[in-house]
Amino acid sequence: MVDGTAWYNQDVRLCLEIRDLYSGIRSWNWQAGELERSRDYLLEAEQAAEGDLKEITWEYTGELVLDAEEYDGQTVKAGAVYEDNAGHGGSAEAAYHVDATKPVITVEYEGPEPEPGEYYRESRTAVVNIREQNLDPGDVELRTELERTEGEEPEISGWSVRGEGKNREYSCRVTFSADGEYAFTVACQDLAGNRADYDRVDRFTIDRTAPAAEILWSGAEAGNDFYYPGERIAQSRSRERNVAEEAMEIRVEEQSGEEKEDGTGHFELSGWENSGDLHTVTVRFPADGSYTLSVSGKDLAGNFPPEVT
(Lines give C-alpha, C1' and ligand atoms only; values in the text may rest on other atoms or scores of the structure.)
Protein backbone atom coordinates (compact mmCIF):
# COMPACT_ATOMS: atom_id res chain seq x y z
CA MET A 1 0.00 0.00 0.00
CA VAL A 2 1.52 3.33 -1.10
CA ASP A 3 -0.35 6.53 -0.20
CA GLY A 4 -3.59 4.60 0.00
CA THR A 5 -3.05 2.76 -3.30
CA ALA A 6 -2.72 -1.03 -3.39
CA TRP A 7 0.23 -2.26 -5.48
CA TYR A 8 1.00 -5.91 -6.25
CA ASN A 9 4.04 -7.54 -7.87
CA GLN A 10 2.63 -11.08 -7.63
CA ASP A 11 -0.65 -12.82 -8.38
CA VAL A 12 -3.55 -11.03 -6.70
CA ARG A 13 -6.01 -13.25 -4.84
CA LEU A 14 -9.43 -11.64 -4.41
CA CYS A 15 -11.94 -13.03 -1.94
CA LEU A 16 -15.66 -12.22 -1.97
CA GLU A 17 -17.81 -12.94 1.08
CA ILE A 18 -21.60 -12.38 1.16
CA ARG A 19 -23.78 -13.21 4.15
CA ASP A 20 -27.53 -12.63 4.69
CA LEU A 21 -29.05 -14.46 7.66
CA TYR A 22 -32.54 -12.91 7.39
CA SER A 23 -33.98 -13.68 3.97
CA GLY A 24 -31.00 -15.35 2.31
CA ILE A 25 -29.09 -14.51 -0.86
CA ARG A 26 -31.05 -14.37 -4.11
CA SER A 27 -28.21 -13.60 -6.57
CA TRP A 28 -24.71 -12.22 -6.89
CA ASN A 29 -22.29 -11.21 -9.63
CA TRP A 30 -18.66 -10.15 -9.45
CA GLN A 31 -15.90 -9.50 -11.90
CA ALA A 32 -12.23 -8.50 -11.95
CA GLY A 33 -10.54 -7.74 -15.25
CA GLU A 34 -11.61 -10.41 -17.72
CA LEU A 35 -12.76 -12.74 -14.94
CA GLU A 36 -16.44 -12.97 -13.99
CA ARG A 37 -18.56 -15.17 -11.70
CA SER A 38 -22.33 -15.10 -10.98
CA ARG A 39 -25.19 -17.09 -9.45
CA ASP A 40 -28.95 -16.56 -9.38
CA TYR A 41 -30.34 -18.94 -6.78
CA LEU A 42 -33.98 -17.92 -7.32
CA LEU A 43 -33.76 -18.59 -11.04
CA GLU A 44 -32.10 -21.93 -10.38
CA ALA A 45 -34.93 -22.85 -8.00
CA GLU A 46 -37.58 -21.87 -10.54
CA GLN A 47 -35.89 -23.97 -13.21
CA ALA A 48 -35.41 -26.96 -10.94
CA ALA A 49 -37.44 -30.09 -11.61
CA GLU A 50 -40.74 -30.43 -9.76
CA GLY A 51 -40.15 -31.82 -6.34
CA ASP A 52 -36.48 -30.85 -6.36
CA LEU A 53 -36.49 -28.33 -3.56
CA LYS A 54 -33.63 -25.85 -3.30
CA GLU A 55 -32.48 -24.71 0.11
CA ILE A 56 -31.99 -21.04 0.79
CA THR A 57 -28.37 -19.87 0.44
CA TRP A 58 -27.41 -17.85 3.46
CA GLU A 59 -23.76 -17.09 2.63
CA TYR A 60 -21.22 -17.31 -0.17
CA THR A 61 -17.42 -17.24 -0.21
CA GLY A 62 -15.41 -17.29 -3.44
CA GLU A 63 -12.01 -16.44 -4.86
CA LEU A 64 -10.66 -14.94 -8.09
CA VAL A 65 -6.95 -14.85 -8.99
CA LEU A 66 -5.46 -12.11 -11.14
CA ASP A 67 -2.39 -13.51 -12.88
CA ALA A 68 0.47 -11.03 -12.37
CA GLU A 69 2.02 -11.80 -15.75
CA GLU A 70 -1.25 -11.38 -17.62
CA TYR A 71 -2.23 -8.13 -15.88
CA ASP A 72 1.29 -6.71 -15.52
CA GLY A 73 1.26 -2.94 -15.88
CA GLN A 74 -2.50 -2.62 -15.53
CA THR A 75 -4.92 -1.13 -13.03
CA VAL A 76 -7.57 -3.81 -12.61
CA LYS A 77 -11.02 -2.82 -11.42
CA ALA A 78 -13.04 -5.33 -9.45
CA GLY A 79 -16.72 -5.06 -8.52
CA ALA A 80 -19.49 -7.14 -6.98
CA VAL A 81 -23.28 -6.75 -6.66
CA TYR A 82 -25.81 -8.90 -4.79
CA GLU A 83 -29.51 -9.04 -3.91
CA ASP A 84 -31.29 -10.89 -1.10
CA ASN A 85 -34.68 -12.59 -1.22
CA ALA A 86 -36.36 -9.52 0.26
CA GLY A 87 -35.20 -7.36 -2.64
CA HIS A 88 -32.45 -5.57 -0.77
CA GLY A 89 -29.14 -5.20 -2.58
CA GLY A 90 -25.60 -3.98 -2.17
CA SER A 91 -22.35 -3.55 -4.05
CA ALA A 92 -18.62 -3.15 -3.55
CA GLU A 93 -15.74 -2.18 -5.80
CA ALA A 94 -11.97 -1.78 -5.64
CA ALA A 95 -8.95 -1.21 -7.89
CA TYR A 96 -5.71 -3.21 -7.89
CA HIS A 97 -2.47 -1.99 -9.46
CA VAL A 98 -0.38 -4.86 -10.81
CA ASP A 99 3.30 -4.35 -11.63
CA ALA A 100 5.53 -7.43 -11.81
CA THR A 101 8.33 -5.90 -13.91
CA LYS A 102 11.58 -4.74 -12.32
CA PRO A 103 12.98 -1.30 -13.12
CA VAL A 104 15.85 -1.26 -15.63
CA ILE A 105 18.75 1.07 -14.83
CA THR A 106 21.35 2.32 -17.30
CA VAL A 107 24.15 4.79 -16.59
CA GLU A 108 26.14 6.53 -19.29
CA TYR A 109 28.75 9.25 -18.97
CA GLU A 110 29.39 12.53 -20.73
CA GLY A 111 32.77 14.19 -20.65
CA PRO A 112 36.38 13.60 -21.65
CA GLU A 113 38.10 10.31 -22.21
CA PRO A 114 40.08 9.20 -19.16
CA GLU A 115 43.77 8.83 -18.67
CA PRO A 116 44.81 5.21 -17.92
CA GLY A 117 43.39 4.09 -14.58
CA GLU A 118 40.13 6.10 -14.89
CA TYR A 119 41.67 9.51 -14.10
CA TYR A 120 39.91 12.63 -15.39
CA ARG A 121 41.26 16.15 -15.45
CA GLU A 122 37.83 17.64 -16.19
CA SER A 123 34.40 17.19 -14.64
CA ARG A 124 32.21 14.38 -15.95
CA THR A 125 28.48 13.76 -15.84
CA ALA A 126 26.61 10.52 -15.24
CA VAL A 127 23.29 10.32 -17.10
CA VAL A 128 21.02 7.97 -15.13
CA ASN A 129 18.07 6.43 -16.99
CA ILE A 130 15.46 4.21 -15.35
CA ARG A 131 12.83 2.49 -17.47
CA GLU A 132 9.85 1.90 -15.21
CA GLN A 133 6.12 2.49 -15.46
CA ASN A 134 5.46 3.18 -11.77
CA LEU A 135 8.31 5.00 -10.05
CA ASP A 136 8.64 7.58 -7.33
CA PRO A 137 12.01 9.32 -7.91
CA GLY A 138 12.23 9.63 -4.14
CA ASP A 139 12.79 5.85 -4.05
CA VAL A 140 15.94 6.12 -6.19
CA GLU A 141 19.26 5.98 -4.36
CA LEU A 142 22.19 7.69 -6.05
CA ARG A 143 25.06 6.33 -3.98
CA THR A 144 28.40 8.10 -4.05
CA GLU A 145 31.31 7.07 -1.88
CA LEU A 146 34.50 9.09 -2.12
CA GLU A 147 37.68 10.27 -0.57
CA ARG A 148 37.79 14.00 -1.03
CA THR A 149 40.62 16.47 -1.05
CA GLU A 150 38.34 19.47 -1.44
CA GLY A 151 35.15 20.56 -3.12
CA GLU A 152 31.43 19.96 -2.87
CA GLU A 153 29.06 17.04 -3.26
CA PRO A 154 28.18 15.97 -6.84
CA GLU A 155 25.47 18.13 -8.38
CA ILE A 156 22.21 16.25 -9.02
CA SER A 157 19.66 17.62 -11.45
CA GLY A 158 15.93 17.20 -11.22
CA TRP A 159 14.21 14.20 -12.79
CA SER A 160 12.66 14.33 -16.25
CA VAL A 161 10.10 11.85 -17.58
CA ARG A 162 9.34 10.73 -21.12
CA GLY A 163 7.32 7.95 -22.69
CA GLU A 164 4.19 6.19 -21.53
CA GLY A 165 3.27 2.84 -19.99
CA LYS A 166 6.06 0.29 -19.95
CA ASN A 167 8.20 2.62 -22.09
CA ARG A 168 8.19 5.38 -19.49
CA GLU A 169 11.72 6.48 -18.64
CA TYR A 170 12.99 8.67 -15.83
CA SER A 171 16.29 10.53 -16.25
CA CYS A 172 18.58 12.68 -14.16
CA ARG A 173 22.16 13.95 -14.41
CA VAL A 174 24.86 13.71 -11.75
CA THR A 175 27.86 15.98 -12.32
CA PHE A 176 31.18 15.27 -10.62
CA SER A 177 33.30 18.43 -10.54
CA ALA A 178 35.29 18.33 -7.31
CA ASP A 179 38.62 16.55 -7.02
CA GLY A 180 38.12 13.16 -5.41
CA GLU A 181 38.09 9.40 -5.77
CA TYR A 182 34.52 8.30 -6.51
CA ALA A 183 32.55 5.06 -6.39
CA PHE A 184 29.11 5.62 -7.95
CA THR A 185 26.14 3.27 -8.23
CA VAL A 186 22.34 3.41 -8.41
CA ALA A 187 19.62 1.44 -6.63
CA CYS A 188 15.83 1.74 -6.75
CA GLN A 189 12.54 -0.02 -6.35
CA ASP A 190 9.20 0.77 -7.96
CA LEU A 191 5.89 1.42 -6.20
CA ALA A 192 5.10 -2.30 -6.22
CA GLY A 193 8.34 -3.15 -4.43
CA ASN A 194 10.25 -4.55 -7.44
CA ARG A 195 13.97 -3.84 -7.00
CA ALA A 196 16.18 -3.22 -10.02
CA ASP A 197 18.91 -5.75 -10.83
CA TYR A 198 21.86 -3.36 -10.96
CA ASP A 199 25.14 -4.09 -9.22
CA ARG A 200 27.63 -2.07 -11.27
CA VAL A 201 29.89 0.29 -9.33
CA ASP A 202 31.81 2.89 -11.35
CA ARG A 203 35.12 3.90 -9.78
CA PHE A 204 37.05 6.90 -11.08
CA THR A 205 39.11 9.87 -9.99
CA ILE A 206 38.52 13.54 -10.77
CA ASP A 207 41.74 15.57 -10.57
CA ARG A 208 41.49 19.05 -12.06
CA THR A 209 44.38 20.46 -10.04
CA ALA A 210 47.85 20.74 -11.55
CA PRO A 211 50.74 19.62 -9.33
CA ALA A 212 52.46 22.36 -7.35
CA ALA A 213 56.23 22.13 -7.86
CA GLU A 214 59.23 23.98 -6.44
CA ILE A 215 63.01 23.60 -6.15
CA LEU A 216 64.77 24.26 -2.85
CA TRP A 217 68.55 24.73 -2.78
CA SER A 218 71.11 24.02 -0.06
CA GLY A 219 74.83 23.51 0.22
CA ALA A 220 77.63 25.98 -0.47
CA GLU A 221 76.76 29.67 -0.47
CA ALA A 222 77.29 31.71 -3.62
CA GLY A 223 80.62 33.46 -3.79
CA ASN A 224 79.73 35.72 -6.70
CA ASP A 225 76.15 35.60 -7.98
CA PHE A 226 75.95 32.16 -9.60
CA TYR A 227 79.33 30.75 -8.61
CA TYR A 228 79.65 28.36 -5.69
CA PRO A 229 82.82 27.09 -4.03
CA GLY A 230 81.37 23.71 -3.10
CA GLU A 231 78.67 21.13 -3.67
CA ARG A 232 75.11 22.33 -4.29
CA ILE A 233 72.03 20.26 -3.47
CA ALA A 234 68.65 20.78 -5.13
CA GLN A 235 65.48 19.33 -3.67
CA SER A 236 62.58 19.13 -6.13
CA ARG A 237 59.24 19.00 -4.33
CA SER A 238 55.89 18.24 -5.95
CA ARG A 239 52.64 18.40 -4.02
CA GLU A 240 50.11 16.16 -5.76
CA ARG A 241 47.63 13.50 -4.66
CA ASN A 242 47.79 11.49 -7.89
CA VAL A 243 51.45 11.57 -8.76
CA ALA A 244 52.96 9.80 -11.76
CA GLU A 245 56.64 9.55 -10.89
CA GLU A 246 57.48 7.93 -14.21
CA ALA A 247 56.03 11.00 -15.96
CA MET A 248 58.17 13.47 -14.00
CA GLU A 249 61.33 14.51 -15.81
CA ILE A 250 64.50 15.88 -14.15
CA ARG A 251 66.75 17.56 -16.72
CA VAL A 252 70.30 18.81 -16.18
CA GLU A 253 72.14 20.78 -18.87
CA GLU A 254 75.57 22.34 -18.91
CA GLN A 255 76.11 25.86 -20.13
CA SER A 256 76.94 24.44 -23.56
CA GLY A 257 73.39 23.11 -23.80
CA GLU A 258 74.50 19.52 -23.55
CA GLU A 259 72.12 17.42 -21.47
CA LYS A 260 73.80 15.34 -18.79
CA GLU A 261 72.68 12.00 -17.40
CA ASP A 262 72.76 10.68 -13.88
CA GLY A 263 75.79 8.56 -13.10
CA THR A 264 78.24 10.53 -15.27
CA GLY A 265 79.75 12.25 -12.25
CA HIS A 266 78.23 15.62 -13.02
CA PHE A 267 75.23 15.12 -10.72
CA GLU A 268 73.62 12.48 -8.53
CA LEU A 269 69.89 11.85 -8.56
CA SER A 270 68.12 10.17 -5.64
CA GLY A 271 64.94 8.15 -5.83
CA TRP A 272 61.57 9.67 -5.06
CA GLU A 273 60.57 9.99 -1.41
CA ASN A 274 56.86 10.13 -0.68
CA SER A 275 55.03 11.50 2.35
CA GLY A 276 51.32 11.76 1.73
CA ASP A 277 50.79 14.19 -1.13
CA LEU A 278 54.38 15.47 -0.96
CA HIS A 279 56.88 13.86 -3.36
CA THR A 280 60.55 14.77 -3.17
CA VAL A 281 63.63 13.97 -5.24
CA THR A 282 67.15 15.22 -4.46
CA VAL A 283 69.79 16.26 -7.04
CA ARG A 284 73.40 16.72 -5.91
CA PHE A 285 75.98 18.64 -7.93
CA PRO A 286 79.46 17.63 -6.64
CA ALA A 287 81.47 18.33 -9.81
CA ASP A 288 82.69 21.57 -11.35
CA GLY A 289 80.48 22.91 -14.11
CA SER A 290 77.80 25.40 -15.07
CA TYR A 291 74.41 23.72 -14.82
CA THR A 292 70.74 24.34 -15.50
CA LEU A 293 68.22 22.19 -13.64
CA SER A 294 64.60 21.91 -14.75
CA VAL A 295 61.69 19.78 -13.54
CA SER A 296 58.61 19.00 -15.66
CA GLY A 297 56.00 16.29 -16.02
CA LYS A 298 52.33 15.53 -15.37
CA ASP A 299 50.11 13.79 -12.85
CA LEU A 300 48.00 10.67 -13.47
CA ALA A 301 45.13 12.79 -14.78
CA GLY A 302 47.37 14.52 -17.30
CA ASN A 303 47.67 17.89 -15.53
CA PHE A 304 50.98 19.63 -16.28
CA PRO A 305 52.60 21.86 -13.63
CA PRO A 306 54.51 24.97 -14.72
CA GLU A 307 58.08 23.99 -15.54
CA VAL A 308 60.39 24.82 -12.65
CA THR A 309 64.08 25.73 -13.16
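Reader: Thanks! Let's start with cysteines: is Cys15 buried or exposed?

Author: Cys15 is exposed, as its relative accessible area is 52%. Keep in mind that this is a predicted model.

Reader: And what about Cys188, buried or exposed?

Author: Cys188 is buried, with a relative accessible area of 1%. Cys188 is in no disulfide, and the nearest cysteine sulfur, that of Cys172, is 11 Å away.

Reader: How many disulfides are there, then?

Author: The count comes to zero disulfides.

Reader: OK, switching to rings. How many aromatic pairs does the structure hold?

Author: There are eleven aromatic pairs. One of them is Tyr8 with Tyr96, a tilted pair at 5.9 Å centre to centre, with 55 degrees between the planes.

Reader: Where do those two sit in the chain?

Author: Tyr8 is in strand β1 and Tyr96 in strand β7, 88 residues apart, so this pair links distant parts of the chain. Tyr8 is partly exposed at 29% relative accessible area, while Tyr96 is buried at 18%.

Reader: Which aromatic cluster are they in?

Author: Tyr120 and Phe204 belong to one with Tyr109, Phe176, Tyr182 and Phe184.

Reader: Last one: which ring faces does Arg124 lie over?

Author: Arg124 lies over the face of Tyr109, at 3.9 Å from the ring centre, and over the face of Phe204, at 4.6 Å from the ring centre.

Note on methods
Residues are numbered from 1 along each chain as its sequence is written. This is a predicted model: local features need pLDDT of at least 70, side-chain atom pairs count only at pLDDT 80 or more; totals for chains, interfaces and linings use all residues. Side-chain values use heavy atoms; hydrogens and water are left out. A disulfide is a pair of cysteine sulfur atoms within 2.5 Å. Buried means under 20% relative accessible area, exposed over 50%, partly exposed in between (1.4 Å probe, protein chains only). Rings of Phe, Tyr and Trp (its six-membered ring) pair if their centres lie within 6.5 Å; planes under 30 degrees apart count as stacked, over 60 as edge-to-face and the rest as tilted. Helices (H or I, at least four residues) and strands (E, at least two) are DSSP runs, numbered from the N terminus. A charge sits over a ring if NZ of Lys or CZ of Arg is within 6 Å of the ring centre and within 35 degrees of the ring normal.
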